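Me: Here is a model I would like to go through, term by term. Please set each value against its definition.

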Protein chains: 2
Amino acid sequence: MAAACTARLLSMTTSGEPATLRERKKLRTRQALAETAISLFGERGFDATPLDALLDTVEVSRRTFFRNYRSKEDVALTAAKQLWSVFLTTLDETAKSGPLVDVFRDALLATLDRMDDDWYQRFPATLRLVEQSPSLNGHSLRHCAEIQEEVAHRLGDPRDLELRMLIEFCVATWRCALDEWLPDCAPGDLPGHVRRAFSAMKDSLLLRA
Amino acid sequence: MAAACTARLLSMTTSGEPATLRERKKLRTRQALAETAISLFGERGFDATPLDALLDTVEVSRRTFFRNYRSKEDVALTAAKQLWSVFLTTLDETAKSGPLVDVFRDALLATLDRMDDDWYQRFPATLRLVEQSPSLNGHSLRHCAEIQEEVAHRLGDPRDLELRMLIEFCVATWRCALDEWLPDCAPGDLPGHVRRAFSAMKDSLLLRA
DNA sequence: GCTCAATGTGCCACTGTGTGGCATTTGCTC
DNA sequence: GAGCAAATGCCACACAGTGGCACATTGAGC
């Protein structure tokens, strides 16, 4: 892991670090907002924390916040969005051959390997927030759905029924692996949970009452 | 179809019609809100329609609305919630034997058979709203997730990884079937799409690049 | 080093959603 | 019809999110 630095992740771009002072400054407020958000929401709860509490802490005006993030939910889900962003670039870089389930799983494992220590600290906190707040849960699921669309474009014809179903299954499997991981959240355990869940896909279809 | 009348569906109960005038009146405002919501949102768009427009049309105060529905999204998703409500009762009534995929699929088909004509008119409109509004999409997905939890309890141990995955797969398959159905939305075609999607589950896992 | 344009930011006012309190009305019961 | 409980309406409020405009900071040209 730790191949991509936080700065690059937060900028959501694949280019190098921003050269100009102006862009670096903007990036720092973005980082501060995302980190403080996880921290504050984790303490008081997402719904119980007014956005103003975050703005006062980071000392940023409401207007500036909404220029950086679309919503209160958006900033809370930064870590999750980073994951999928890296996943898409990973998918672009990998050769797509053999069973598509394996392509998806391997790209996911490679993505997990790319994330840095900082991310592995913020991501579990994000998951706990999502579990706790219905609003965040909805936003999280919607973001997954949007990513699925992107993945479908990269893996074939997005109008193909079987392909769409496959991607739905893979993302669902990923979510189930996360549920297994959530209790302890040891970074080293996550790939194991992912492998186990993906290898359980066929068996689950054969389940009997 | 048409086994359950709209009044019963909207009351979300399995008991008979409400006897008292008071309850019937309340039910009528609930119906009026749900129907007018679909109509208004369909015309002007969900996000572009203020809640006040709905309240003025139905001539109901804001306070009364929020005693009947949790949110603006809630009232728009009435048809979808009705479907899952009927699905759960159907699941309770059916004998659970054989492959669980088939149990789920058959309960779903039986549910579709139970819905009345009025529902088949409002449900496609609801789907179009969901496609169009990110907010509604999020709420819809979240509701599906909540239902999955209920289904897991009825089908076995909700902590079982394979069971949860199976249910995720089934709901995902249902959503894909809906995507296929959405263009024309002929009520008679829906069961066919459901059968097709469910029979494509195994093949999709075998997809190759 | 200074000016100028561009970009980022802060402040203010506004819309819209959702909630709590309280008086009023409406339907039910005796 | 009187009394009671439930539903409703109205008011004020908190919070999320947006648009407009002035101000400050940065980067570039001279």
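Reply: The residues of the surface near DNA strand C divide into 5 nonpolar, 5 polar and 12 charged. In this count Ala, Val, Leu, Ile, Met, Phe, Trp, Tyr, Cys and Pro are nonpolar, Asp, Glu, Lys and Arg are charged, and the others, Gly among them, are polar. This is a predicted model, in which local features need pLDDT of at least 70, side-chain atom pairs count only at pLDDT 80 or more, and totals for chains, interfaces and linings use all residues. Residues are numbered from 1 along each chain as its sequence is written, while chains are lettered from A and ligands numbered from 1 in the order in which they are written.

Me: How do you know that the copies meet through the same surface?

Reply: Contact requires C-beta atoms, placed from the backbone, within 7 Å of each other. By that test 37 residues of chain A are in contact with 37 residues of chain B. The largest share of chain A's side, 12 residues, comes from α10(A). That side divides into 21 nonpolar, 7 polar and 9 charged residues. Since 100% of the interface residues of chain A are also interface residues in chain B, the copies meet through the same surface.

Me: Why is α9(A) called roughly perpendicular to α9(B)?

Reply: Their axes come within 8 Å and cross at roughly 105°. Axes are lines fitted to C-alpha atoms, for helices over the stretch in contact, with angles from 0 to 180 degrees between N-to-C directions. Angles of 65 to 115 degrees count as roughly perpendicular, so α9(A) is roughly perpendicular to α9(B).

Me: What is the mean pLDDT of chain A?

Reply: The mean pLDDT (the predictor's confidence in each residue, from 0 to 100) of chain A is 91, and 90% of its residues reach 70 or more. Over residues 1–9 of chain A the pLDDT is below 50.

Terms used:
Two residues are in contact if their C-beta atoms, placed from the backbone, lie within 7 Å. Helices (H or I, at least four residues) and strands (E, at least two) are DSSP runs, numbered from the N terminus. Angles under 35 degrees count as roughly parallel, over 145 as roughly antiparallel, 65 to 115 as roughly perpendicular and the rest as oblique.
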